[in-house]
Amino acid sequence: MYSSLHLIRKDFMLTRKFLLLMVPYYLLMGYLNAEAYTVFSLFPALLLLINSCTIDMQHHNQKFLVTLPVPRQRLILAKYLMLIPFSLFSLICTLVLYVFAFKIGKLDAPLRWRELGLTTAIFPLIASFYLPVYYWLGQKGMQIVNMVFMLLVMLNFSALTSLSERYPDLALWMKTGKFDNVLLVGIVILAYLVIIYGSYLLSLRIFVKKDI
């Protein structure tokens with residue numbers, strides 16, 4: 001676990017310059033489109049993930065890391081654990097954006113924290129599809145994959161709106177916090193965890209067999 005923390009710290013060091021770009025980005029978004037602040041909780045996390053993976057490829061960090069006395073399983077685990085601080089960073093930035101927009105009068109409604117939480121939780125799900133492709137393709141073809149995933153993120157807000165329209169129970173939960181179908185909630189949470197864990201196992205299998 002100690003080595004995993006160092007690997008997570010490594011990813012933050014790789015993206016530290018990119019983190020500074022989040023400040024003007026959020027200020028601009030807060031001024032131009034403050035009403036859509038919940039969807040912005042997804043952008044930074046995915047951008048940080050893509051940025052860290054791209055830098056790893058460009059600097060051939062994987063070739064170096066596999067020479068260390070650290071199992072490849074630990075390398076994959078650290079990359080998936082990295083999704084947690086990335087998500088928290090995006091969430092905190094979005095909360096700061098909301099406060100900023102509220103202070104300057106761009107927003108006057110209460111924080112839509114359920115919608116914000118749901119959007120933030122989508123990031124690990126998207127990453128679960130991104131990371132196996134990243135380990136499978138490597139540097140070849142990843143530019144196209146990055147563009148596709150960013151396009152999916154930009155479509156996320158409209159997709160979330162359509163989900164709310166299609167599933168009234170979801171819209172009711174986001175407004176009131178009430179959800180009558182407890183079994184469905186349990187199934188969704190279980191499926192969510194299974195997808196992430198399955199993604200981890202798939203990435204591990206690809207990486208272990210890969211000749212770097």
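How many residues apart are Tyr130 and Tyr134 in helix α7 (residues 113-137)? I found them 4 residues apart, so about one helical turn separates the two; helices here are DSSP runs (H or I, at least four residues), numbered from the N terminus.

Before going on, I noted that this is a predicted model, where local features need pLDDT of at least 70, side-chain atom pairs count only at pLDDT 80 or more, and totals for chains, interfaces and linings use all residues. Residues are numbered from 1 along each chain as its sequence is written, and side-chain values use heavy atoms, leaving out hydrogens and water.

I then looked up ring pairs, in which the centres of Phe, Tyr or Trp rings (the six-membered ring for Trp) lie within 6.5 Å, with planes under 30 degrees apart called stacked, over 60 edge-to-face and the rest tilted. The count is 6 aromatic pairs. Tyr130 and Tyr134 are stacked because their ring centres are 6.4 Å apart and their planes stand at 10°. Ring pairs also join Tyr130, Tyr134, Tyr135 and Phe207 into a cluster.

Next I checked burial (buried means under 20% relative accessible area, with a 1.4 Å probe and protein chains only). Tyr130 has 1% relative accessibility and so counts as buried, and Tyr134, at 1%, counts as buried too.

Last, I turned to the nonpolar cores, sets of buried Ala, Val, Leu, Ile, Met, Phe, Trp, Tyr and Cys residues joined through side-chain atoms within 4.5 Å. The largest has 35 residues, and those with the most contacts inside it include Leu49, Tyr130 and Tyr134. Helix α7 gives the most to this core, with 8 residues.

Terms used: Buried < 20%, exposed > 50% of the residue type's maximum accessible area, 1.4 Å probe, protein only.
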